[in-house]
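Please examine the sequence and the model shown below.

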Amino acid sequence: MFIIHPFEAFCGHDPKILILGSFPSVKSRENNFFYGHPQNRFWKVISAVVNCPIPTDVEAKKQMLDRYGIALWDSIHSCEITGSSDSSIKNVTPNDIRPILEKYDIKAIFANGKTSGMYYEKYIEPICGVKATVLPSTSPANAAWSVQRLAEEYSVILKYL
């Protein structure tokens, strides 16, 4: 099924880092916000890294991101995708992150998972000229990584916040 990304980037007031996923899951598209599937560990991981309670609704998630200077977006603007499966992604149009980089003082860009990193490197990095650090995916499909281990890897963001 061909899908256009259904919601905008979240930047808050003064983001210092940008974390890019690949493309929103079915649950995220239903919730109209990032990492909406309850099994995705993103919110647990970021909460552990910044040492704050895990947000339970979209407004609390936005407040946490804004408080810690974290912007969220995805590498892909539109694609063909089956369900939420990154491995099924075809016919990609990338997101243009230049407006975010022009408006905000982003210190570092991180990709949540290899798929996001691959599309970033292929389509976005040549345009914006900024390398992204690829972090392990917080998706439940990446079951080999515990929340604690993910949080250890994601703690690299702290030096930019």
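Buried residues make up 48% of the 161 residues in the protein; buried means under 20% relative accessible area, exposed means over 50%, and partly exposed lies in between (1.4 Å probe, protein chains only). This is a predicted model, in which local features need pLDDT of at least 70 and side-chain atom pairs count only at pLDDT 80 or more, while totals for chains, interfaces and linings use all residues. Residues are numbered from 1 along each chain as its sequence is written, and side-chain values use heavy atoms, with hydrogens and water left out.

The protein contains 6 helices and 7 strands, arranged along the sequence as β-β-α-α-α-β-β-β-α-β-α-β-α. Helices (H or I, at least four residues) and strands (E, at least two) are DSSP runs, numbered from the N terminus.

For 161 residues, a compact globule would have a radius of gyration near 15 Å, and the 14 Å of the protein agrees with this. The radius is taken over C-alpha atoms, and the globule rule is 2.2 Å times the number of residues to the power 0.38. Along the principal axes, the C-alpha atoms fill a box of roughly 40 × 35 × 30 Å. Of the contacts with a separation of 6 or more, 65% join residues 24 or more positions apart; contact means heavy atoms within 4.5 Å.

A nonpolar core is a set of buried Ala, Val, Leu, Ile, Met, Phe, Trp, Tyr and Cys residues joined through side-chain atoms within 4.5 Å. The largest such core has 40 residues, of which Ile 19, Ile 70, Leu 72 and Ile 97 touch the most other members. Among the elements that give two or more residues to this core are strand E2 (17–21), helix H2 (42–50) and helix H5 (114–128). H2 supplies the largest share, 6 residues. Apart from this core lies another, of 8 residues, including Phe 23 and Val 92.

Leaving aside neighbours within four places in sequence, Ile 97 is in contact with residues including Leu 18, Trp 73 and Ile 124.

Most residues other than glycine have a negative phi.

| Residue | Phi | Place | Relative accessible area |
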